[in-house]
Amino acid sequence: MVDKNKVNELVSQLRMAVPQEVRRAEEMLSRKDDIMSSAVSEAHQARQQLEQDFRTRLSEHELGRKAEEMLREAEMTARRMVDQAEREAESRRNQADAYALRTLRDLERELASATGSVRKGIDALAGSTLAASAGSNIPSPNDFAPNPEDERATADYGRFR
């Protein structure tokens, strides 16, 4: 059998121990609530920080994208400006070449006209000189004919036009 005194003593100890265990359990529960509250608060703060980091990175990415877009636009604008400047320079070169060609052709005509006038003057003077002094040592018009070397120089000039 069981000793009744021992059982009563054990029951008495249990009655005293149970409230202590209950208090410990309540303390654990209250600490658990504090720990949970603290964890929830920390999780909430971490989430806010992550959201802020995300917004910052998104903003930085957006700024980077905008900067890249602005750079592309600036490069395109610069390319268009260079192309336009090259076209204008080519046009001005062509206009200058055309002007120089017109001027040289006008000069050539004037020189040809002047050469013709000089030739007529030489021929006229040579003819009148011959008539005035027939038989004297006065040169004949053939003496005033173009020199073959001069004709070669004129031909060379024509090749380089």
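Select Arg55 and Glu51 in helix H1: the two lie four residues apart, about one turn of the helix. Helices here are DSSP runs of H or I with at least four residues, strands are runs of E with at least two, and both are numbered from the N terminus. This is a predicted model, where local features need pLDDT of at least 70, side-chain atom pairs count only at pLDDT 80 or more, and totals for chains, interfaces and linings use all residues. Residues are numbered from 1 along each chain as its sequence is written, and side-chain values use heavy atoms, with hydrogens and water left out.

**First stop: Arg55 and Glu51**

Show both side chains. They meet in a salt bridge, 3.7 Å from N to O. A salt bridge means a side-chain nitrogen of Lys or Arg within 4 Å of a carboxyl oxygen of Asp or Glu. Now colour by accessibility. Arg55 is partly exposed, at 47% relative accessible area. Glu51 is partly exposed too, at 31%. The cut-offs are these: buried is under 20% relative accessible area, exposed is over 50%, and partly exposed is in between (1.4 Å probe, protein chains only).

Is Arg47 buried or exposed? Arg47 is exposed, with a relative accessible area of 55%. Look at the three side chains together. Arg47, Glu51 and Arg55 are linked in a network of salt bridges.

**Move on to Arg93 and Glu90**

Which residue forms a salt bridge with Arg93? The partner is Glu90, and the closest N and O atoms are 2.6 Å apart. Arg93 and Glu90 sit three residues apart in helix H1, so about one helical turn lies between them. Arg93 is partly exposed at 46%. Glu90 is partly exposed at 36%. The structure holds six salt bridges.

**Then the leucines**

Select Leu104, Leu107 and Leu111. They make a nonpolar surface patch of about 280 Å². Patches are built from residues with over 30% relative accessible area and no salt bridge; like charges are joined within 9 Å, nonpolar side chains (Val, Leu, Ile, Met, Phe, Trp, Tyr) within 5 Å. Leu111 is found in helix H1. Its relative accessible area is 47%, so Leu111 is partly exposed.

**Last: zoom out**

Show the whole chain. Its secondary structure comes to two helices and zero strands. Of its 161 residues, 1% count as buried. The chain exposes about 14600 Å², with carbon and sulfur atoms supplying 57% of it. Accessible areas come from the Shrake-Rupley method with a 1.4 Å probe; for residues, only the protein chains shown count as cover.
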